[in-house]
Amino acid sequence: MFTPKYPAPDTAPAPLVVRLVPEDEERASTALASSAQPQMPVPPTRRTVQLTPASVVTIAAGGTAVVLVVGTVLVSMLLAVAITAVSVAVCAVVLRSLLNNHR
């Protein structure tokens, strides 16, 4: 299943042998260059994204909304931690005063 699959040896193209004669050097070099082109299928090209002004505004508005929502969540979490810390401090002061008055 994971082994590579190679083509059969007889499907490989035959090697091209070109004899160069001094007067046919240019013609032979063009023939050699044209035969050296691989005969492989061309992969499909990827589509490019066209950005219109409306899409840029939409992306900017979406990014702004995300930043505002994330900022609101973070600030509310920080506020919750601060309120919890203050209430724990108040409880500690009240308990300390109660224990000091008991003695």
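The following legends describe close-up views of a predicted model.

**View A. Overall fold and surface of the protein.** Two helices and zero strands make up the secondary structure assigned to the protein. Of its 103 residues, 1% count as buried. The protein exposes about 10,300 Å², and carbon and sulfur atoms supply 70% of this area.

View B. The patch covers about 540 Å² and is made by Val66, Val69, Val70, Val73, Leu74 and Met77. One of these contributors, Met77, is found in helix α2, which comprises residues 53-102.

View C. A polar atom of the Thr84 side chain lies 2.8 Å from the backbone oxygen of Ala80. Thr84 has a relative accessibility of 46% and therefore counts as partly exposed, since that class lies between the limits of under 20% for buried and over 50% for exposed residues.

Conventions
Residues numbered from 1 in each chain as written. Predicted model: local features only at pLDDT ≥ 70, side-chain atom pairs only at ≥ 80, totals over all residues. Heavy atoms only, no water. Patch = residues over 30% accessible without salt bridge, like charges linked within 9 Å, V, L, I, M, F, W, Y side chains within 5 Å. Areas by Shrake-Rupley, 256 points an atom, 1.4 Å probe, with all protein chains shown as cover. Salt bridge = Lys/Arg side-chain N within 4 Å of Asp/Glu carboxyl O. Helix = DSSP H or I, 4+ residues; strand = E, 2+ residues; numbered from the N terminus. Buried < 20%, exposed > 50% of the residue type's maximum accessible area, 1.4 Å probe, protein only. Polar contact = N/O pair within 3.5 Å; in protein donor to acceptor, adjacent residues only side chain to side chain.
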